[in-house]
Structures are given as structure tokens and as C-alpha cells.
Amino acid sequence: REFRDTYIRSLPEGAEVVRHYYAAAPKIVAAILALPDSQAVFCQLYEQLVLPCVRWIEEGNLAKAYEQYKNTALELECRYLATT
């Protein structure tokens with residue numbers, strides 16, 4: 001949260017990115033919770049997003065953590081919020 005609400009918000013497009021996060025994230029979580037394998041999806045997100053981002057943040061590589069966050073957020077939106 002601190003990374004999102006401080007580093008990301010400080011970027012030129014950051015305020016919009018954070019606003020978008022707060023609008024989209026609850027919908028993504030709800031869509032995942034509706035899946036029969038939601039626990040596995042959350043575990044995969046933890047392994048593929050949270051852990052690497054925490055490592056990069058601790059190493060001071062905030063740009064790499066942000067890149068991973070953006071890519072994952074876009075993928076999640078396409079997968080769980082896309083209308084057919």
C-alpha cells in the first residue's frame with residue numbers, strides 16, 4: 001500500500017493510476033472470489049506479483065516493481081473485467 005500510495009502516486013500519471021486501482025481492484029477481487037479455485041488464483045498472484053514486487057522494492061528497484069504491477073493489473077482487468 002505504501003508503494004502504491006506514495007511512489008506510484010508521485011509519478012506524473014500516478015494519481016490517475018491510483019484512482020483507477022481503487023475503482024478496479026474491488027471488482028477484480030469479487031470476480032476472483034466467484035471462481036471455484038479462487039484460493040489458487042490468489043496464491044498465484046501472491047507468488048507472481050507480491051513477492052517479486054516486495055523484493056524489488058526492498059532492493060530499491062521501484063521502477064521494476066511498478067512495471068510488474070502495471071502489467072499484472074492490465075492482465076487481471078482483461079481476464080476478469082472484460083465484457084464479452
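Asp5 lies in helix H1, where helices (H or I, at least four residues) are DSSP runs numbered from the N terminus. This is a predicted model, so to speak of local features here takes a pLDDT of at least 70, side-chain atom pairs count only at pLDDT 80 or more, and totals for chains, interfaces and linings use all residues. Residues are numbered from 1 along each chain as its sequence is written, and side-chain values use heavy atoms, with hydrogens and water left out.

Let us stay with Asp5 for a moment. At 27% relative accessibility it counts as partly exposed; buried means under 20% relative accessible area, exposed over 50%, and partly exposed in between (1.4 Å probe, protein chains only). The term stands for a side-chain nitrogen of Lys or Arg within 4 Å of a carboxyl oxygen of Asp or Glu. Arg4, at 11% relative accessibility, counts as buried.

A search of the whole structure finds four such salt bridges. Another of them joins Glu16 and Arg19, whose closest N and O atoms are 3.1 Å apart. These two are three residues apart in helix H2, and therefore separated by about one helical turn. Glu16 is partly exposed, with a relative accessible area of 46%. In helix H4, Arg79 and Glu75 are four residues apart, about one turn of the helix, and their salt bridge brings the closest N and O atoms to 2.8 Å. Both partners are partly exposed, Arg79 at 48% and Glu75 at 41% relative accessibility.

Now to the interior. In soluble globular proteins, nonpolar side chains tend to be buried together. A nonpolar core is a set of buried Ala, Val, Leu, Ile, Met, Phe, Trp, Tyr and Cys residues joined through side-chain atoms within 4.5 Å. The largest one here has 11 residues, including Phe3, Leu11, Val18, Leu49, Trp56 and Tyr66. Helices H1 (2–10), H2 (14–33), H3 (38–59) and H4 (62–80) each give two or more residues to this core. Apart from it lies another core, of seven residues, among them Ala24, Val41, Leu76 and Tyr80.

Tyr66 and Pro52 are 14 residues apart in sequence, and their C-alpha atoms are 11 Å apart in space.

What forms a nonpolar patch on the surface? Tyr46, Val50, Leu51 and Val54 do, with about 310 Å² of accessible area together. Patches are made of residues with over 30% relative accessible area and no salt bridge, like charges being joined within 9 Å and nonpolar side chains (Val, Leu, Ile, Met, Phe, Trp, Tyr) within 5 Å; the areas come from the Shrake-Rupley method with a 1.4 Å probe, and for residues only the protein chains shown count as cover. Val50 is found in helix H3 and is partly exposed, at 35%.
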